[in-house]
Structure formats: structure tokens, C-alpha cells
Amino acid sequence: MNVLSEPTKVMAVLTVTDWLTANWDECAVDAVIMAEICRGIDRLPDGARKQSLSAWFMRLKSKIPCLAWTLDTAMEWALMANNVTRSGFTIGIKDTMIAASATHHGPIVVTRNVDDFTRCGVPVINPFS
């Protein structure tokens, strides 16, 4: 989520926006990330910022492919979440769901949260560093 929403920030990190521009045609997003963005916008107070972000989100939804969360993805998540726990780590449910989707569908996760996704066994790119 932090990578997709970076361009909406007043002080956006240039390396992230450049990465998005250079790689946009290869990008896809998990439904969990889209839900997180939608939830964040919805809980903002009414006003110009909320309207602007709502319009941005509608454009985003129409431009980026969204990976399907299927029964196979859910089974991948169940096994991954248990493996992470057995390894002695605690990772949030949403992050393990995103990691399971990446494992199932094959994409690389692009985030600044490298540690958690690496622990889930998925390849990660951190355009913030």
C-alpha cells in the first residue's frame, strides 16, 4: 500500500515515484491492499483531501490489475501463516495474505516492509532504499 499511495503525498519519495513510473506496466495489486487503501480513505473526515484521494482511488482501480483472492490463494495463506508462526515470528494477517497472494500469483512484493515479507519467503523490492 505504501508504494502505490506514495504519489499522493505532498512530499513523495522520488525513488518510489520513479520506480512506479518505470515499472507501471508490470504492476498488479492484491485485493487486500486495495481494501486497505479504500478503508484509509473512507475513515478520513469529509473534505478536499478525502475527495481528492477518492478520485485518485477510482482512477487507480480502473488502471491496475487486481489479483484474485481464490480458494487456492487462501490455502496458500493458511500454510504460509502457520510456517511463519512455527519459525517464531508474528506477522500481521494482512501482510501474510498479501504474501500468500504473491506466492500464488508469482509477483514480487514491492514494499518498505522487507523483513516481514522476506520471512514469508517472497521476493521483495524496496524502492524506498
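The lining of the largest pocket divides into 19 nonpolar, 5 polar and 4 charged residues. Nonpolar covers Ala, Val, Leu, Ile, Met, Phe, Trp, Tyr, Cys and Pro; charged is Asp, Glu, Lys and Arg; the others, Gly among them, are polar. This is a predicted model: local features need pLDDT of at least 70, side-chain atom pairs count only at pLDDT 80 or more, and totals for chains, interfaces and linings use all residues. Numbering runs from 1 along each chain as its sequence is written, and side-chain values use heavy atoms, without hydrogens and water.

Back to the pocket. Its volume is about 600 Å³, the space filled by probe spheres set on grid points joined across faces, edges and corners. On a 1 Å grid over the protein atoms alone, a pocket is an open set with protein on both sides within 12 Å along at least five of seven lines, and lining residues have an atom within 4 Å of a point. There are 28 lining residues, and Ala28, Ile33, Ile108, Val109 and Val110 lie nearest the centre. Elements giving two or more residues are α1, α2, β1 (29-30), α3 (31-42), α6 (93-105) and β3 (109-110). Helices (H or I, at least four residues) and strands (E, at least two) are DSSP runs, numbered from the N terminus. The largest share, 4 residues, comes from α6.

Next, α3 against α6. Their axes come within 9 Å and cross at roughly 140°. Axes are lines fitted to C-alpha atoms, for helices over the stretch in contact, with angles from 0 to 180 degrees between N-to-C directions. So α3 is oblique to α6: under 35 degrees is roughly parallel, over 145 roughly antiparallel, 65 to 115 roughly perpendicular, the rest oblique. Val32, Ile33, Glu36 and Arg39 in α3 meet Lys94, Met97 and Ile98 in α6; contact means heavy atoms within 4.5 Å.

Note on methods: On a 1 Å grid over the protein atoms alone, a cavity is a set of points where a 1.4 Å probe fits but cannot get out, and a pocket is an open set with protein on both sides within 12 Å along at least five of seven lines; lining residues have an atom within 4 Å of a point.
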